[in-house]
Amino acid sequence: MAETINKPTIVILISGRGSNMVSILDAINAGKLPATVAAVISNRPNAAGIKVAQQANIPTAVIDHKSYNSRELFDQAMAKEIDKHSPNLIVLAGFMRILTTEFVEHFSGRLINIHPALLPNFKGLNTHQRAIDAGEKEHGASVHMVTPELDGGPVVLQARVPVLENDTAETLAARVLKQEHKLYPAAIKKLIEDTGN
Ligand code: GRF
């Protein structure tokens, strides 16, 4: 009897172009990442990544945060939509919302994010300009478990790039983003292998 391998189920949350989502879909389609994307969900109706997911025949949903009177109500609606798929992993990919402790604890151990810096350095926003201003010679990206502390969870995998003499935030961000697109699929694969699901 051929062994039926149940691939882990992923739900991807986006807010914008979704370039990290595309790199995950490409890795799956290339047979490099043994997983299934059950849905792509955005908090912004006009997120370009939603159209890309639809063109790839991936189920999509929009939970517009502007339609909710509080962060808690938005997070509850988002959690309800995610739970429809019972995912093994919820992947934040350019998802630009601060999540409530209740949401994070509801998905504890299954929630990951990609942050454009070498955590624990440069948590928060504007990481590339801050790295340049601090005179860093190296910068990069981190995939980490999401905990209630912003950008504070355990790091799963990192990618490093040099900071060049004449770098601007834009040139450095472009170099980091290129590495993110390799890092995220590799980090998800590592998690699947480490947790065996
Ligand atoms: C990326 O720089 C990522 O590090 C951050 O959001 C940015 C946009 O990601 N989390 P994407 O192109 O929408 O995937």
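Figure 1. Does G153 count as buried or exposed? G153 counts as buried, because its relative accessibility is 6%. Buried means under 20% relative accessible area, exposed means over 50%, and partly exposed lies in between (1.4 Å probe, protein chains only). The residue sits in the loop between β6 and β7. Helices (H or I, at least four residues) and strands (E, at least two) are DSSP runs, numbered from the N terminus. G153 and V143 are 10 residues apart along the chain. Their C-alpha atoms are separated by 9.4 Å. The model is predicted, with pLDDT of at least 70 needed for local features and 80 or more for side-chain atom pairs, while totals for chains, interfaces and linings use all residues. Residues are numbered from 1 along each chain as its sequence is written, and side-chain values use heavy atoms, without hydrogens or water.

Figure 2. Most residues other than glycine have a negative phi, and most peptide bonds are trans. D151 is buried because its relative accessibility is 10%.

Figure 3. N57 lies in the loop between α2 (48-55) and β3. Is N57 buried or exposed? N57 counts as exposed, because its relative accessibility is 71%.

**Figure 4. A cis peptide bond.** Which two residues does the cis peptide bond join? They are L119 and P120, and omega is about 10 degrees. P120 is part of the loop that runs between β5 (111-115) and α5 (127-133).

**Figure 5. The surroundings of the ligand.** Which residues surround the ligand? They are R17, G18, S19, N20, A93, G94, I114, P116, L177 and E180. Each counts as near if one of its heavy atoms lies within 4 Å of the molecule. By class, this shell holds four nonpolar, four polar and two charged residues. Nonpolar covers Ala, Val, Leu, Ile, Met, Phe, Trp, Tyr, Cys and Pro; charged covers Asp, Glu, Lys and Arg; the others, Gly among them, are polar.

Figure 6. R17 places a polar side-chain atom 2.5 Å from an oxygen atom of the ligand. S19 has a polar side-chain atom 2.5 Å from a ligand oxygen atom. N20 uses its backbone: a polar atom there is 2.8 Å from an oxygen atom of the ligand. How much of the ligand's accessible area does the protein cover? On its own, the ligand has 370 Å² of accessible area, and the protein covers 85% of that. Such areas come from the Shrake-Rupley method with a 1.4 Å probe; for residues, only the protein chains shown count as cover. Two elements give two or more residues to the shell around the ligand: α1 (19-29) and α6 (169-195).

**Figure 7. I114, a strand residue beside the ligand.** I114 is one of the residues that surround the ligand. The residue belongs to strand β5. I114 is buried because its relative accessibility is 7%. L92 is 22 residues away from I114 along the chain.

**Figure 8. V91 in strand β4.** V91 is found in β4, residues 89-92. Why does V91 count as buried? V91 is buried because its relative accessible area is 0%. V91 and L13 are 78 residues apart along the chain. Their C-alpha atoms are separated by 6.1 Å.

**Figure 9. A side-chain contact at N43.** N43 sits in the loop between β2 (36-42) and α2. N43 counts as buried, because its relative accessibility is 1%. Which side chain does N43 contact? A polar contact of 2.5 Å links the side chain of N43 to that of S15. Such a contact is a pair of N or O atoms within 3.5 Å; within protein, one must be able to donate a hydrogen and the other to accept it, and residues adjacent in sequence count only if both atoms are side-chain atoms.

**Figure 10. A61 in strand β3.** A61 lies in β3, residues 60-62. A61 is buried because its relative accessibility is 13%. A61 and K182 are 121 residues apart in sequence. In space they are 26 Å apart, C-alpha to C-alpha.
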